[in-house]
Amino acid sequence: MEKGITLIEILIYASLLTLTVSLIIGILSNFLFFRGVILTREEITRSIIYLLEDIQREIKESDEILYPLPGDSSSEILLRKEGKDLTFKLEEGKIIKKIEERSYTLSPNTLKIRSLEFLHLKQVENTPSSIQIKIEVEYYNPINLRGYEFSSSFQTAITQRK
Amino acid sequence: MKINKSFGQIVIEVLISIALFSLVAFSIATVLKDVISVLIGGVSKIRATYLTEEGLEGVWAILQENFDELEEGIWDLKISGGKWELSEEIEEKEGFLRKIFIEDVEELKELKKVKVELKWKNPESKKEENVSLSEYFTNLKDHVLELNSATYLRGTPPPWTGQNYTVIFSIKPKFLSQLEGAGLFASQDTSESSPSTPFLEIEFDGISSYQVKIGEKTIFIGPVEEKWSQLAVTWNGTEFKTYYNGQLQVSQILSPEEGEIEFRDYILGISSDRTVGFAGFYKNLMIFERTLNDEEIANLFSGNIPSLEGLKLFWKINEGEGNTIKDYSLSNVSGTITGLPLWEDFLTIISFEEAVNF
């Protein structure tokens, strides 16, 4: 019996190796893709709930909505609550909350807020104000990673309770 | 070319390995696909939930302007001329279909059930999904008093002897875990008079019932629940009856010495010896100098006021501010809150079942 390997054996081994490596790369690539998809959805869901709940609570408990005026819409809202001025506004893709002179960034770095709109609905005098809120958000993906491109829009409303 | 036995074995092994590997990879991919489907569906669900909330908030805003605009039917919410408006045209927007169902509630006037339903197709699984929220709206602008262990309510009438009487009030404990035998109502302040004098007291028994103490007797009614309950007692000279939510629970024959009491204090929120307070809400304390019958008690529970004959006290306890409670009977025995009163918007603590039962 002669020792060594034949050309056919080499070819079969090489093709099997290529197939296996391709499968592994494919799986890894899909894993990274799915990881991106999961991460972006989770992050957007969590952040939106946090952002909208905070905005809704402050509007709901506010004493007065100073801006925008009834019938108008804006990317900024100015409230008066317990004698203090409170603002939510869109600045360079971030939502900023300002209480008197102190500012906080509400949205995380991983999110880019494409648009924010507060529509102050018209109500008859001495009835609580109602605000429709629209927000468009995208996951921050500067190097265009596959699976990380995700954007969505959300719309809700809140009416003062005071 | 030589194909030997060992080579054939290797090829089979490799093929089996690839098959197994592919099977595992396929399983993982399937699971991941399902996870993705759920997650993408999760974002849609959040969008749908916020749109549902918008429906309720818009209806709430319309209610603030004109309760009668909430007509029975199926609607969607639109903005017209910068105002919220209910529209009969229901259109799908960005894959979401919203319907607002408004129903009148027959059991209680000025109460409407509003249900907002959102339907959409999950972009991944292609399955139809839905989310809905319901609320009961009323135009009752009312308040209720919340008492805690540091506050109580007391009124002092000119003393009168109850040869026939009815005491009725509504109560909602705030936390069942914090009742701890707290006093609810006493006809007289035993911290200032002899405890042997016949008196009426209704308090939590420390387990699950209210106990009515009439002189030396104790009668249990209930159960104590974390929602509005109406408690009533009547005495007609021979029979002492206790009622819970409009229904007769216990009837007992007592001697006049046992059942007849002298009303000198009306106290809510603390035991008669002033040792234990109670955390909860009170409303509509009525005291009659006559015995209301079973039907009248049941009617009162349904919200129908009986004949006001013999009415000695009627505290609605809905002032919404201040420390003084107005008496709506002709006796004019106002109540005074000791401690810091906390007034709650009735709407914030009402639920449908409670509203109907209240």
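A residue is buried if 20 or more other C-beta atoms lie within 10 Å of its own, exposed if 12 or fewer, and partly exposed in between, with C-beta atoms placed from the backbone. The model is predicted: local features need pLDDT of at least 70, side-chain atom pairs count only at pLDDT 80 or more, and totals for chains, interfaces and linings use all residues. Residues are numbered from 1 along each chain as its sequence is written, while chains are lettered from A and ligands numbered from 1 in the order in which they are written.

**View 1. A:Ile77 in its strand.**
A:Ile77 sits in strand E3 (residues 76–81) of chain A. Helices (H or I, at least four residues) and strands (E, at least two) are DSSP runs, numbered from the N terminus. A:Ile77 counts as buried because 25 other C-beta atoms lie within 10 Å. Two residues are in contact if their C-beta atoms, placed from the backbone, lie within 7 Å. Neighbours within four places in sequence aside, A:Ile77 contacts A:Ile65, A:Tyr67, A:Pro68, A:Thr87, A:Phe88, A:Phe118 and A:Ile131. A:Ile131 is 54 residues away along the chain, with 9.6 Å between the two C-alpha atoms.

**View 2. The five-stranded sheet of chain A.**
The order is E1-E3-E4-E5-E6 in an open, antiparallel sheet. Two strands pair if DSSP finds at least two bridges between them. Strand E1 (64–67) and strand E6 (102–105) are the edges, each pairing on one side only. On average, neighbouring strands are turned by 25 degrees against each other, direction ignored. E3(A) and strand E4 (residues 84–91) of chain A run antiparallel, joined by six bridges. A:Lys81 stands opposite A:Lys84 of E4(A). H1(A) lies across E3, E4 and strand E5 (94–99) of chain A, at about 50 degrees to E3(A). Axes are lines fitted to C-alpha atoms, for helices over the stretch in contact, and angles run from 0 to 180 degrees between N-to-C directions.

**View 3. The four-stranded sheet of chain A.**
Here the order is E2-E7-E8-E9, again open and antiparallel. Strand E2 (73–74) and E9 of chain A are the edge strands, and each pairs on one side only. Strand E7 (residues 111–120) of chain A pairs with E8(A) over nine bridges, in the antiparallel sense. A:Ser115 has A:Glu136 in E8(A) as its bridge partner. H1(A) packs on this sheet and touches E7, E8 and E9 of chain A; its direction makes about 160 degrees with that of E8(A).

**View 4. The contact of chains A and B.**
Chain A brings 38 residues and chain B brings 32 residues. On the chain A side, helix H1 (7–61), strand E8 (130–139) and strand E9 (151–159) each supply at least two residues. H1(A) gives the most, with 19 residues. The chain A side divides into 20 nonpolar, 13 polar and five charged residues. Ala, Val, Leu, Ile, Met, Phe, Trp, Tyr, Cys and Pro count as nonpolar, Asp, Glu, Lys and Arg as charged, and the others, Gly among them, as polar.

**View 5. The largest nonpolar core.**
A nonpolar core is a set of buried Ala, Val, Leu, Ile, Met, Phe, Trp, Tyr and Cys residues joined through C-beta atoms within 7 Å. The largest has 48 residues, and B:Tyr282, B:Leu285 and B:Met286 have the most contacts inside it. Strand E20 (residues 280–288) of chain B gives the most to this core, with six residues. Not counting residues up to four places away in sequence, B:Met286 touches B:Ile168, B:Leu311, B:Leu313 and B:Phe314.
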